[in-house]
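Visitor: Hi! Could you walk me through this structure in plain words?
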Amino acid sequence: MLAIVNQEGRVMEKEELNKSYESRDVEEKWYRSWLDEGLFRAEDKSDKKPFSIVIPPPNVTGILHIGHALNNTLQDIIVRYKRMDGCNTLWMPGTDHAGIATQNVVEQELAREGTTRHDIGRERFIEKVWEWKKEYGGAIINQLHKMGCSCDWSRERFTMDDGLSRAVREVFVRLYNDDLIYQGDYIINWCPRCHTAISDLEVEYEEEETSLWHIRYPYAEGEGEIVVATTRPETMLGDTAVAVNPDDERYADVIGKEVILPIVNKRIPIIADDYVSREFGTGAVKITPSADPNDFAMAQRHDLDVVTIIDKSAIINENGGIYQGQDCYTCRENIVEDLKKGGYLVKTEPYSHNVGRCYRCKTVVEPAVSKQWFVKVKPLARPAIAAVVKGETKIIPSTWEATYFDWMDNIRDWCISRQIWWGHRIPVWYCNDCGNTIAAVKDPDSCPECGGTSLRQDEDVLDTWFSSSLWPFSTMGWPDKTQALETFYPTSLLVTGFDIIFFWVARMMMMGLYVMGKVPFSDVYLHALVRDEKGDKMSKSSGNSVNPLEMIDKYGADALRFTLAAFTAQGRDVKMSEERIKGYRHFVNKIWNSARFSLMNLEDYPGETVLKREEYSLCDRWIKDSLNSTVADVRKALDEYRFNDAAGRIYQFIWHEFCDWYLELIKPALYDKQQSRQGKLAAQQTLLSVLKTTLQLLHPFMPFVTEEIWQKLTTDEGYIMVSEFPDQDDSLRDEDARQRMDLIKNIINSIRNIRGVMNISPSKKLKALVSAPDSDMLSIIEAGRDYIRDIAKLEDLMIEKNAIEPKGSATGVVGPVKVYIFLEGAVDVAAEKTRLEKEMKKLDKDLGFISKKLGNQDFLEKASKNIVEKEENKFRDLKEKSGVLEDALGRLRNIA
């Protein structure tokens, strides 16, 4: 048991920290305790400044991956920081119904049972999806618990729950009544596997090697032909024109004429359009309005027919003649063969181009003309652009603003209908009696035009992103005027990946301004992707992916969280590996061991005592000043979302200033019975104060280990997660202590460096002479004599002004101060000379090998930039080491 003094000065007994930190037990214990105490909950009414953030809702089908881990770690760091800083903090959690993805999962289950959704019908299928959601849909929420996410789980929402479904209908009907939603024939992206339209943003493009076929289209009148180039010869079955650029002199005299469409044998016109590139292929292109969005736009401009030739399963339909029933690839092969036989194929050449695939199932997407529902987004985009221009919403890093503006300036209408069953069904009904179209928030009983009761609802559902675009205000109770909305909307911050700036961020901006009249968030922080340590994309097939749940089991959530934060620099991808997480687990252990040391040396601490400034030692004053500047740096970095800088500053302070220096410097005061009682008391008071503040600084990054130590360190200060985040204290600034300690530390480091170069054992007591340039410096060094002697392990330390360099010594330089280490008796001169000469010989050989490689032009041209830089850095390091060893060898020769 430990005796710890509380704030009133009463001695309280506390359990000691275990010898080693067991993350699993600690994490489960404290997360459950935080939940039970309701510490994550926000107050709808409070005198505190509000801070709110909505979670990017993970798919209900989701399993925690490293991208989720990064995103939610960054959110939780800010949320915990703001909560500790006195804000009424709301982190709104929830999940997305993920229409296509969830339907696919349930359809696969049905397939294993030997049935389909069509066999069981729409109503039963929807029931099945809800059953699946109830059984499996909470998996990712439980995984977020393991990460330590401090969301207000009492408010958890789902994009298909009653409140959000009502909000979706309300917004749809408003848009419809404002003529911002319309239904029309349009060319859309169709997934033959998912059997639904998908938006432009849901198409993923991959570069593929294919062919460019050059085909003769004979003139309908007279002799001659025009040659077109295409990557999809099978679509010629739906050609309704050939197009050329109006400024292309090669075709000036054929514009307006007709050609014969090969295979189909029908006449089609030659038209002129500025869209056609004179440089692509022959400068003449076939126009298939049903198979290409640009061709569709051209058809509208020139009033061309639209002939659909591919059905919803990517099979050639009845308009394909003899090719009906063939899939696109089989049809392509057969058409190419028939073009050859007919003498229409001029040539085939290799060609590389982007092929669009469904983001869910990776099936090649087919353009298709069909009746769909669209949102007119240009009127919505204009205020969303203006809001960023005026600074109402700030995008961080600001480099993403140009991307946002470019997309919004060139935005196309948003196709919001999907031909699936799982999702928000479009709230539109058709009257079978009079043909009237009714958009309504509540299901209508009768037609408002004719009074008929024979109504049928539109079969399609809304794009998942439609409901997600309402997330910042629908989750807070809109369309009702709730206290939560009044307090927390607009939200303070959105943290999300840059890859969904169009899918989600831009659409939330548009909908927030349209519905609420205010931007949905003040700041948008866009983080980059998580890649492996070499910068390559992570994938299971490559074997380079990092499973966050496995990492938590092996190293603890705190190590994973800190690693993610430490490598998150604005605008740069996060390079991640298990080794890096393992490295920060060592940091957790370092914190744990320093806390154990501190607690053991606070057993007899009598409690808070008022001490004069001069009663604190130099190192006490220095560590308080150093911590004070660390607090300022961490606050500034967190306020600016520089997560890596905040994590790096905390790491530097804890490992290199608190553990490596301060704990070593105060050991004589803590252990030595001859030391003054006041000196020990000052060291204990400083140690306790610094450790507590350090834990509070670290808590947003490492919530579990800090709470465990805090509860052992304090007796009546509650939970660390709701304690007050440290603030800079001007009274702790101490430039004098900082400068004095920097000099003393540099002298000690100089002695350590000489030990390393001369291969002197760390336990060997040495003799040293420190030469100061003037009396002021002399008095500073003299005041730090005990620190230098104890930490540098010296048996004799002389401090003189302008001392002469003694013979047979090694020299260290610390600005104007010289440090001399007497080598005689400390080093086996002959053996050390032999060792250094042997090491020098090896170094020269290595330098020669690398020099030869870097002088090889073939290597420089063929090797990657990273490899060349690595070799150059290696050469510089070896050269520097060679100089150090040469100097050491020279000194040993002088002794002899």
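Guide: Happy to, and let's begin with a definition: two strands pair if DSSP finds at least two bridges between them. Strands (E, at least two residues) and helices (H or I, at least four) are DSSP runs, numbered from the N terminus.

Visitor: What kind of sheet do they sit in?
Guide: An open sheet of four strands, in the order β12-β13-β11-β14, with mixed pairing. At the edges are β12 (258–261) and β14 (284–287), each pairing on one side only. From one strand to the next the twist averages 35°, where axes are lines fitted to C-alpha atoms and angles run from 0 to 180 degrees between N-to-C directions.

Visitor: Before I go on, where does this model come from?
Guide: It is a predicted model: local features need pLDDT of at least 70, side-chain atom pairs count only at pLDDT 80 or more, and totals for chains, interfaces and linings use all residues. Residues are numbered from 1 along each chain as its sequence is written, and side-chain values use heavy atoms, leaving out hydrogens and water.

Visitor: Got it. How many helices and strands are there?
Guide: The protein chain has 29 helices and 31 strands. Its C-alpha trace spans about 110 × 70 × 55 Å along the principal axes.

Visitor: And what share of the residues is buried?
Guide: Of the 896 residues in the protein chain, 53% count as buried. Buried means under 20% relative accessible area, exposed over 50%, and partly exposed in between, using a 1.4 Å probe and protein chains only.

Visitor: Is strand β4 mostly covered or uncovered?
Guide: Mostly covered: five of the five residues in β4 (residues 88–92) are buried. Asn-88, Leu-90 and Met-92 lie on one side, Thr-89 and Trp-91 on the other, and both faces are covered.

Visitor: Which strand is joined to β4?
Guide: Strand β3 (residues 50–54) is joined to β4 by five bridges, and they run parallel. For example, Ile-53 has Trp-91 as its bridge partner in β4.

Visitor: New topic: where is Asn-593?
Guide: Asn-593 lies in helix α18 (residues 578–600).

Visitor: Why does Asn-593 count as partly exposed?
Guide: Because its relative accessibility is 41%. Asn-593 is also 575 residues from Asn-18 in sequence, while their C-alpha atoms are 9.7 Å apart in space.
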